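Trainee: I would like to learn how to read the strands, helices and cores of a model. Where should I start?

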Amino acid sequence: MVIRSKTLRLVILTSTVLITIIVAIQLIWLQKVYLYEEKQFNINVSKSIRSLYSDMELVNDVSDNVQKVIENVNPDVYLLKIDCSPNLEQLWINLKGELTDFDVYTDCRANVYDTATKKYIAEQYIDLPDAYFPSKNEKELQIYERDYPYIALYFPHRGQYIVKQMFFWIASSGFLLLVLIGFGFSIFYLYRQKFFNETQKDFVNNFTHEFKTPLAVIKIAADVLQQQSTLDKPEKLKNYAGIIRDQTSHLQSQVQRLLEIAYTDRSSLPLKKEKFDINLLIAESINDLQPLIEQKHAVLNTNFAVEQLELTADRSYLRLCLINLIENAIKYSTAPVIDISTKVDGSTLFIVIKDNGIGIATEHQKKIFERFYRITDGELHISKGFGLGLNFVKKVIDTHHGKIEVMSEVGKGSSFIIKLSLK
Ligand code: ADP
């Protein structure tokens, strides 16, 4: 069980790592596409500007290198050096024409800078066909002081425009991510299903084993009883009848456990509450376990702080809980010395069952209350059982709005503490 839950954790961990790596690669990939689109935008703007210079005589000589007269002050702003005052009407028309010709579809603010006043003397909003963004209320273009006049081209929505150009890549990455997450979940659920099937199989194996042995013993005893030689010897007869009785009571207790399974399967337990003395119930539960106590030479000490401690709860469920806890305390100890105590603090009743057994490692302490959870020592189970007892106990205590806690140290022993309200 522990080994399988480790594999389950490994599966989750591996898929998380894989998904993270793939997402990281996707992000790097998207960043590369962004840089490529940004470069493409820059090339397209440069081409439009070059065409603009050849359309209009903005500088005296542009033949050698247009790049010399363009200054890219920041990715959104281009300054185009001019030597004369251009015909503004013509300039705006040409500018719009060139930008559209070279596929620059995001809106642009064009300003003409004057060296004498150190101000923009003309401004035009060039409305390009990109309809996605609100156009009129972005911030004003700051003034870049230069000792020559220039036309400033400002693309306020350049970033968004590039991201829009990348729509296909972003959408396909998102889709891939969704597929991956779906895939991860499917693997997880498939594996979890497998995990449950295996535990179910474990349970059936354990269970068959628990029933097979007593049935075989009963059969042998019955065969012996049928023999004439046995019928003549009352001592032998008594002995074999005793064996059959013991095995039948063992089977009975297994059937009781099966009932517990049926109950733990339900989401809530129907409680039949009555008033009773909890100390008396503990004494009765100890009595029920007498054969096991004798077999393991267990020492049981009780310490009841209050005599006649009245509690209103479901008596028979609580009795099963006590039997389960005391039985575990004996089962999981080599030379069991068990202390069972009750005390009252305010309106809370504490029942503590303390053993000197093998103890429970911290990582198992929460899980032992789960259905079918058993701690394995390598591949071997330390003791026979189904891993249902504590789950049942917790369910009963929870239904009573109480609490069950475990404190344990490996090699030293465990204490199970039940807290119940006396009100
Ligand atoms: P089962 O005893 O049938 O295996 P339980 O639900 O009663 O099932 O207990 C679950 C597991 O918790 C046990 O398999 C055992 O490993 C551990 N456990 C329970 N009680 C004790 C205890 N008193 N000391 C040590 N281990 C315990």
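Mentor: Start with pairing: two strands pair if DSSP finds at least two bridges between them. Bear in mind that this is a predicted model.

Trainee: In what order do the strands of the open sheet lie?

Mentor: The order is S1-S2-S5-S3-S4, 5 strands with antiparallel pairing. Strand S1 (70-74) and strand S4 (119-126) are the edges, each pairing on one side only. On average, neighbouring strands in this sheet are turned by 20° against each other, direction ignored.

Trainee: Which way do S7 and S9 run, parallel or antiparallel?

Mentor: In a regular strand, side chains alternate between the two faces of the sheet. As for direction, strand S7 (residues 299-304) and S9 run parallel and are joined by 6 bridges. Phe304 has Thr342 in S9 as its bridge partner. S9 also pairs with S10, antiparallel, through 7 bridges. There Thr342 has Ile351 in S10 as its bridge partner.

Trainee: How is helix packing read, and at what angle do H9 and H11 pack?

Mentor: Two packed helices are described by the angle between their axes and the distance between the axes. For H9 and H11 the angle is about 140°, with the axes 9 Å apart. H9 passes H11 in a left-handed crossing. On the H9 side the contact includes Tyr317, Leu318 and Cys321, and on the H11 side it includes Leu390, Phe392 and Val396. The residues of this contact divide into 10 nonpolar, 3 polar and no charged.

Trainee: Which residues have the most contacts inside the largest nonpolar core?

Mentor: Ile278, Leu318 and Phe416 do, in a core of 41 residues. Among the elements that each supply at least two residues of this core are helix H7 (278-288), helix H9 (315-331), strand S9 (337-345) and strand S14 (413-421). H9 gives the largest share, 10 residues.

Trainee: What does Ile278 touch?

Mentor: Leaving out residues up to four places away in sequence, Ile278 touches Leu309, Leu311, Leu318, Leu322, Leu349 and Ile351. There is also a second, separate core of 32 residues, with Tyr53, Val59, Val104 and Ala110 among them.

Key:
Residues are numbered from 1 along each chain as its sequence is written. This is a predicted model: local features need pLDDT of at least 70, side-chain atom pairs count only at pLDDT 80 or more; totals for chains, interfaces and linings use all residues. Side-chain values use heavy atoms; hydrogens and water are left out. A nonpolar core is a set of buried Ala, Val, Leu, Ile, Met, Phe, Trp, Tyr and Cys residues joined through side-chain atoms within 4.5 Å. Buried means under 20% relative accessible area, exposed over 50%, partly exposed in between (1.4 Å probe, protein chains only). Helices (H or I, at least four residues) and strands (E, at least two) are DSSP runs, numbered from the N terminus. Contact means heavy atoms within 4.5 Å. Axes are lines fitted to C-alpha atoms, for helices over the stretch in contact, and angles run from 0 to 180 degrees between N-to-C directions. A crossing is left-handed if the near helix is turned anticlockwise from the far one by less than a right angle, and right-handed if clockwise. Ala, Val, Leu, Ile, Met, Phe, Trp, Tyr, Cys and Pro count as nonpolar, Asp, Glu, Lys and Arg as charged, and the others, Gly among them, as polar.
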